[in-house]
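Me: I would like to go through this model with you, starting with its charged pairs. Please look at it first.

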Amino acid sequence: MHPALQALVVVAVAVGGCIAYFLLSNLILDKVLFPARGANAGRNTNRANLIRPWLFLFPALAFLGLYLAYPVVATAWMSLQRDNSFVGFENYRLMFAEPKFGESFFNNILWLVVVPAASTAFGLLAAQLTDRIAWGNIAKSLIFMPMAISFVGASVIWKLVYEARPAGTDQIGLLNALYVWVTGADPVQWLQLPLWNNLFLMVVLIWIQSGFAMVILAAALRGIPEETVEAAVLDGAGPFQIFFRIKVPQIAGTIVVVWTTITITVLKVFDIVLAMTNGQWETQVLANYMYDKFFRAVDWGMGSAAAMIIMALVTPILVWNVWNARREMR
Amino acid sequence: MSQIAGRKSGLVWAVHLSAFALVLLWVIPTLGLLVSSFRTGDQIVGSGWWEAVGTQVQQLPAVRLGGDEVARDGVFVIEGQLFAAGAEVSAWGTSSVAPEAYAPGAVADLDGGVTLTVAVDGGYVLSSPSTMADLRMPRVFATAATPPEFTFENYGTVIASPLAGQSIGQAFLNTLTVAIPATIIPILVAAFAAYALAWMEFPGRALLVAFVVGLLVVPLQLALIPLLQFHNWIGIGKGYLGIWLAHTGFGLPLAIYLLRNYMIGLPRDIIENARVDGATDFQIFTRIVLPLSFPALASFAIFQFLWTWNDLLVALVFLGTGNDQQVLTGNLVNLMGSRGGDWEILSASAFVSILVPLVVFFSLQRFLVRGLLAGSVK
C-alpha cells in the first residue's frame, strides 16, 4: 500500500479508535462496572466519577510517559554505560577530554548569550516600531514570516547570502558583494572564518526567532495601560524615556518568557549547523555533536552523555516554569 | 508649540523609515533565493540576483571557430555565429591573455594574413588568402551583454526530472504523509486530557499539570535512542508508524498545555448548567467544550503541522533514508551536500519545500498568533 494511502487509513483508524476508546470506556464504566441504578446507585456514581478523569487522561499519560519521561531516565542510564556494562561517569570523562566537546560547549554558550538577547531585542524593536503605524500589520507579517520556514530552508536562504565567488568575478552573495564594494578587499568565505562563522549561523536563528518575539511583545505592549504613558507624556518624558522607563519595565515579565522560550530553542539547535557547516570550521554545537556520536560514531554512551548535558542546561528553565505554573494554580 | 509639532513629525518619519528598513532586512534574504530560483544557472553565477532585471555583461566561454570555408573573390572565408541571438558583444579577443583586445567590428590580424572580425550580434568572418583547411582554428573570447532571462525550468527540473534518489515530488508526498497524521493524532489525544485537567476534579490534578509544563521543555534529543530501541523492540522499527507516534509524543505537552489554558477560560456557567441538567462529562466535552475550543484546536494544529513539516531531526532518526521515506528537509540537506554550488537546483527545491508552510502561514496567521499568545504570555 502506498504510504500516502496508509496515512489516510491511519488518520481514519486513529480518529475512529480514539472516539471508540472514549465512548466505549465511558460506557463500560457507567453501564457495566458502576451502573447508576439499583441499591448502590449513589455510591456507584461517585466511584465512576473518581475513575472517569483517568479514562480521559490515560492515552495522553501513556504517550507522555513512554515518549518523554521514560527516555529521560533511559538516556541517563545509558550515559552511565559502555559496551553494556556499568562504567559510572567514564563516558562523561571521555567526553570532557575531547576537544570537539569543549568546542561544542563553548559555541553553545555563545549561542545562548547572543541569540536570545538579539532576537528579543530585534523583536522588541520591531514590536515598538510597528505598533502605531498604518501598515504595521503588513510589516509584522513579513518579519514574522521566517517562523514558517524550516531551519533547513532558512539555511539555504542564508547560504546564498554568504556565498563567496573567486576574487575578481561578480559576487552573487549579498554579504560579499557589499563587503567587496565597500572595502575593495577580496571576498571572504564567511562560513569558514572561525569564531565569526558562529555568528553567521546565529543570524539565521535570530532571523527566524525575532518574529516570534515581536508577536508576543507587541501584544504585551498593547496591554500596557494607556494612563501610564499619558502621565509620562504630561511629565515631559521623551519617546526614548517612555519606551525604556515606562513601557519596558511593565512588560519585563513577558520579556523573560520570550527570552527563556528562545533559550530552549537555542539549546536544541541542530538543523542549521548540520545544513550549513556540519560542525566544520569550529562551529560544532551540542545537539549536532550528540547526533554525530549517536549516528556516525555509533557511540551511544557518549551520545547519551552529551544529551544529558543538554538536559542539564534546560533543567533550570524547567524548574522555573514548573514553579511558576504551580504558583498560578493556587 | 510648532517646534514640538515639527519634532513629532520628524519622529514619525524616523519610525516609518526604520520600520521599513527592518522589514527590508528581513525580506531580502528570502527574496534573493526566490529571484534566483527563476534564473538560469549561468545567470545565477554570472551576476548577483539584485542585478537580475538588468542586462548582464559577462565573458562567455571561449568558442573554437569552425565551419565550411567558401572561396569568394580569391579569398577563403568562414562565416558563423558565436552564440544564439539575443546577446550583444562589447569586446572580444583571440587569446585568454587579452580577451577584450578588440571592439566589435574591429579586424584582428592573425598570423599568415588571416583576418578575423566579430560583429556586435556575434557574427564572425574569418578570411584568409589561402585555404584554411590545414589551419588550427582560432579561439574567440567574447564579452557580451546578455538580456535578463527568467524561466520556470528550474522548477520543472527539480519536480519532473530529478537526480536518482532526489525526487522532490516523492519527498513532497512523503512529507505530507508524515505531517497529516502527526498533526491529527495528538489533537485527539490531547483534547480529552486537557478537558480532564481543566474541568474535572480529581486528586493529583495540579501535579499532572506541573508534569506537563515540565515536559514542555524536555529536549527531544534525549528521546531518540531509547525510542528507537523501543520501536525496534515492539517490531515497528523505522518507518511511518514510528514517526507518527514520535511526533504525537513530542507534540502532546504543548497540545495539552495550550488546550487546557484555553478550556479553563470557557465560561463556568455553561458547563455547570449542563452538569445540573444531567449531562455526562463525555457529553459536555463533545457537545460543548470541543466546539467552543475550535480556535485553540486550530492554533495547535497549525503549530504542529508547521513543526512536523519543517522537522529534520525526527525524520532523520525515525524514518528510513530510502527514496520512499525521505522528506523534503532531508532531501534539501542532501542537495546542499552534493550539489551545493548548483543554485538553480537548490533554490527551486528550497522553494518547493517552503511553499506549503508559507501558504498555511499567510492564510491562517490569525490562529498562529493567538496560539503563540496563549502558549507563552502569562
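Me: How many salt bridges does a search of the whole structure find over all chains?
Reply: The search finds ten salt bridges over all chains, a salt bridge being a side-chain nitrogen of Lys or Arg within 4 Å of a carboxyl oxygen of Asp or Glu. This is a predicted model, in which local features need pLDDT of at least 70 and side-chain atom pairs count only at pLDDT 80 or more, while totals for chains, interfaces and linings use all residues. Residues are numbered from 1 along each chain as its sequence is written, chains are lettered from A and ligands numbered from 1 in the order in which they are written, and side-chain values use heavy atoms, leaving out hydrogens and water.

Me: Which parts of chain A does the pair E98(A) and K293(A) link?
Reply: The side chains of E98(A) and K293(A) form a salt bridge at 3.0 Å, N to O. E98(A) sits in the loop between helix 3 (90–97) and helix 4 (99–131) of chain A, and K293(A) in helix 13 of chain A, so the pair links distant parts of the chain, 195 residues apart. Helices here are DSSP runs (H or I, at least four residues; strands are E, at least two), numbered from the N terminus.

Me: And what is the count of salt bridges between chain B and chain A?
Reply: The count there is one salt bridge. The side chains of D281(B) and R52(A) meet in a salt bridge at 3.9 Å, N to O.

Me: Which helix gives the largest share of the chain B side?
Reply: Helix 1 (residues 2–37) of chain B does, with 16 residues. By class, the side of chain B that touches chain A has 82 nonpolar, 20 polar and five charged residues. Ala, Val, Leu, Ile, Met, Phe, Trp, Tyr, Cys and Pro count as nonpolar, Asp, Glu, Lys and Arg as charged, and the others, Gly among them, as polar.

Me: What area is buried between chain B and chain A?
Reply: About 9,400 Å², with carbon and sulfur atoms giving 83%; this is the accessible area (1.4 Å probe) that two parts lose on being put together, summed over both. The contact (heavy atoms within 4.5 Å) takes 107 residues from chain B and 100 residues from chain A.

Me: Changing topic: where does L195(A) lie?
Reply: L195(A) lies in the loop between helix 7 (174–183) and helix 8 (196–222) of chain A. L195(A) has a positive phi of about 70 degrees although it is not a glycine.
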